[in-house]
Amino acid sequence: MKTPYLALTLLALPLAAQADKLVIPAGAPPAFEAECGACHLVFPPALLDAKGWRQIMARLDHHYGDNASLDDQTRQSIDNFLVQNAGGAKVSAAPAAPAEPPRLTTTPWFKRKHHEVPAKDWQDDKVRSPANCAACHTRAAAGSYREREIVMPNGRRWEEKEDD
Amino acid sequence: MRIALFVLPALFASSVQAATPIELMKGYSAEASHQQAGFVPSAQRGADFFARRFEVSAKMPACTSCHGEDPSKGGRHVVTDKPIKPLAPFANSERFTDLAKAEKWFRRNCKEVVGRDCAAAEKADFIAFLTGGR
């Protein structure tokens, strides 16, 4: 993101083309997995824009109903990594309320990718939260989100849904 | 038994970094005895604390909301559903071996679940319960 040219190149990268593979980029500080991954799947930074990550990292004491506060050095190292590897306008999210951090599950890209998912699946006890990627994306922990790996809460493969 | 527990760390006075749960408990006990002369950690008080429903947080009314009722078994984060490893050191040898890590989680989870910072006495009791004489 040093030059506008590089920024443009990054923005031009179609997120859809990478969507099967959403790995954590190289250079993550050790705290990224240790801190973020302590409570949830470590989300690929590309799933939210830089503004969104900054807003999240600025309010870790109010982290979606949890206190996820960190010492400032650790917080800054994670913030830098997220912002450097953040996504673009497609993954921009407005906070639901002024004091709340934005959610990567409300970006236009996330909504488009998941618009076929029925409401009952989101509400399933095995899912609990739209941010629980691994509830259906069975290889999410390995950064793989291929359609053939999706198993819905009822145990059926997503690809088999047309047989219904 | 209690005397044996307190002698143990002296026998294993070893590496600089790693601590034992008993060492952490002793540290919290020493801190607690400044406020409360003659403080002795109690596994029973720790057990009561672990099971108590503080009801400060709607989603996480008690420690057990995420850690499960049996600390020798794991739990699941009530919001994210992420598996949580057992709290009891005999079931998970990583627990309470790093003071900074223990402090971080006490700080976060006490504020969240108990609604305030935990006292040193409560932390000592908590570890006394989790080590359960092992």
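A salt bridge is a side-chain nitrogen of Lys or Arg within 4 Å of a carboxyl oxygen of Asp or Glu. In this predicted model, B:R108 forms such a bridge with A:E35. The closest N and O atoms of B:R108 and A:E35 are 3.3 Å apart. Between chain B and chain A, the count of salt bridges is 3. Chain A gives 16 residues to the contact, and chain B gives 13 residues. The two chains bury about 1,400 Å² between them. Carbon and sulfur atoms carry 39% of that area.

Helix packing was examined within each chain. In chain A, helix 4 (residues 50–58) packs with helix 5 (residues 72–84) at an angle of about 165°. Their axes lie 9 Å apart. Because angles over 145 degrees count as roughly antiparallel, helix 4 of chain A is roughly antiparallel to helix 5 of chain A. The crossing of these two helices is right-handed. Helix 4 of chain A contributes A:A50, A:W53, A:R54, A:M57 and A:A58 to the contact. Helix 5 of chain A contributes A:R75, A:I78, A:D79, A:L82 and A:V83. Of the residues in this contact, 7 are nonpolar, 3 are charged and none is polar.

In chain B, helix 3 (residues 43–51) and helix 6 (residues 120–131) cross at roughly 95°. Their axes come within 7 Å. This angle makes helix 3 of chain B roughly perpendicular to helix 6 of chain B. From helix 3 of chain B, the residues B:A43, B:R45, B:G46, B:A47, B:F49 and B:F50 take part. They meet B:E122, B:D125, B:F126, B:A128 and B:F129 of helix 6 of chain B. This contact holds 7 nonpolar, 1 polar and 3 charged residues.

Conventions:
Residues numbered from 1 in each chain as written. Chains lettered and ligands numbered in written order. Predicted model: local features only at pLDDT ≥ 70, side-chain atom pairs only at ≥ 80, totals over all residues. Heavy atoms only, no water. Axes fitted to C-alpha atoms, helices over the stretch in contact; angles between N-to-C directions. Helix = DSSP H or I, 4+ residues; strand = E, 2+ residues; numbered from the N terminus. Parallel < 35°, antiparallel > 145°, perpendicular 65-115°, else oblique. Left-handed = near helix turned anticlockwise from the far one by under 90°. Contact = heavy atoms within 4.5 Å. Nonpolar A, V, L, I, M, F, W, Y, C, P; charged D, E, K, R; others polar. Buried area = accessible area lost by both parts, 1.4 Å probe.
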